[in-house]
Amino acid sequence: MRPMRSFGGRGGGGWGLPGLESMSSKLAVGLVAGSVLYLLLRYQGSTQGLLLLLSPNTVFGNLFLWQPLTYGFIESEPISILFGALLLWSIGGSLESSWGSKRLLMVAVGCTALAGYVLGVVGLFMPLPMGYQGGWVMGTVLWVAYGLSMGRGQTNFWGIPLSGNAFAGIGAGFVVLRILTAGLASQLPHVIAMVLVFAYVRGASPKRFMLHFQHWRLQRQLRGRSKHLNVVPKDKDRPDRDQFLN
């Protein structure tokens with residue numbers, strides 16, 4: 001990946017990473033904090049930590065509605081925590097510079113959580129695996145979003161120049177590899193989240209959806225009103241009169 005410049009003007013240091021006051025850094029800190037909390041609970045033998053993970057059959061079945069929001073900030077392996085946080089901080093910082101903090105938060109947390117809720121709906125009708133960790137789901141969302149937002153523009157991956165679309169393809173390729181090694185069921189949140197972020201970056205945003213919905217609703221109202229209008233036929237034997245103008 002190309003070096004990221006420091007956003008916010010403070011705290012970035014010489015590494016080109018966003019400052020600690022940025023939204024991307026807060027997401028990274030959230031991942032570390034959530035993971036540490038989960039590991040501490042597990043170390044103490046408490047089952048409360050499991051409630052922070054995503055178990056689709058319990059989201060709506062047991063009304064554990066917070067799970068799609070909390071699982072995105074949990075990883076249990078040190079390497080996953082470290083690189084997941086760096087990914088959120090660096091790529092998230094680049095997206096934040098062009099999207100802004102609110103949009104970054106909406107995409108990162110929104111796509112990750114929505115994937116969990118989608119699986120929660122599916123879990124009402126069929127059994128699904130329990131205990132999904134979603135730190136890398138959120139990381140994958142930002143990875144793919146960054147590549148797609150670059151499009152045909154040039155970036156680099158470990159010093160190798162490539163297009164943004166190819167960069168997004170590498171992120172998707174990691175998910176495919178995990179599917180081949182661990183099975184599709186283990187990567188369902190990743191797959192759904194990637195579909196959501198692809199649709200969003202390509203234009204299927206909530207704002208655009210509402211605009212289309214309002215346009216459809218207006219057209220429907222106009223068609224409904226037009227049914228009550230009658231066309232006054234013109235009689236060739238009678239001259240035009242002002243009463244037909246109203």
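I began with Leu27, which touches Phe73, Leu88, Leu104, Leu105, Ala108, Val109 and Met138 once residues up to four places away in sequence are set aside; a contact here means heavy atoms within 4.5 Å. I noted that this is a predicted model, in which local features need pLDDT of at least 70 and side-chain atom pairs count only at pLDDT 80 or more, while totals for chains, interfaces and linings use all residues. Numbering runs from 1 along each chain as its sequence is written, and side-chain values use heavy atoms, with hydrogens and water left out.

**Overall layout.** I looked up the secondary structure next and found 9 helices and 2 strands in the protein chain, where helices (H or I, at least four residues) and strands (E, at least two) are DSSP runs numbered from the N terminus. Along the sequence I read the pattern α-α-α-α-α-α-β-β-α-α-α. Of the 246 residues in the protein chain, 39% are buried, with buried meaning under 20% relative accessible area, exposed over 50% and partly exposed in between (1.4 Å probe, protein chains only). Among contacts with a separation of 6 or more, 66% join residues 24 or more positions apart.

**Helices α1 and α4.** I then checked how α1 (residues 23-43) packs on α4 (residues 78-99), and the angle is about 160° with the axes 7 Å apart; axes are lines fitted to C-alpha atoms, for helices over the stretch in contact, and angles run from 0 to 180 degrees between N-to-C directions. That makes α1 roughly antiparallel to α4, since angles over 145 degrees count as such, under 35 as roughly parallel, 65 to 115 as roughly perpendicular and the rest as oblique. On the α1 side I listed residues including Leu27, Leu31 and Leu39, and on the α4 side residues including Leu88, Trp89 and Glu96. The residues of this contact divide into 10 nonpolar, 6 polar and 1 charged. Lys26 is also in α1, and its C-alpha atom is separated by 8.2 Å from that of Trp89, 63 residues apart along the chain. Apart from neighbours within four places in sequence, Lys26 is in contact with Leu20 and Glu21.

**Helices α5 and α8.** For this pair I found axes that come within 8 Å and cross at roughly 135°, which makes α5 oblique to α8. Residues of α5 including Arg103, Met106 and Leu119 meet residues of α8 including Leu188, Ile192 and Tyr200.

**Leu63.** Last, I looked at Leu63, whose phi is near 60°, a positive value in a residue other than glycine. Most residues other than glycine have a negative phi. Leu63 lies in the loop between α2 (56-59) and α3 (67-70), and at 56% relative accessibility it counts as exposed.

Methods. Nonpolar A, V, L, I, M, F, W, Y, C, P; charged D, E, K, R; others polar.
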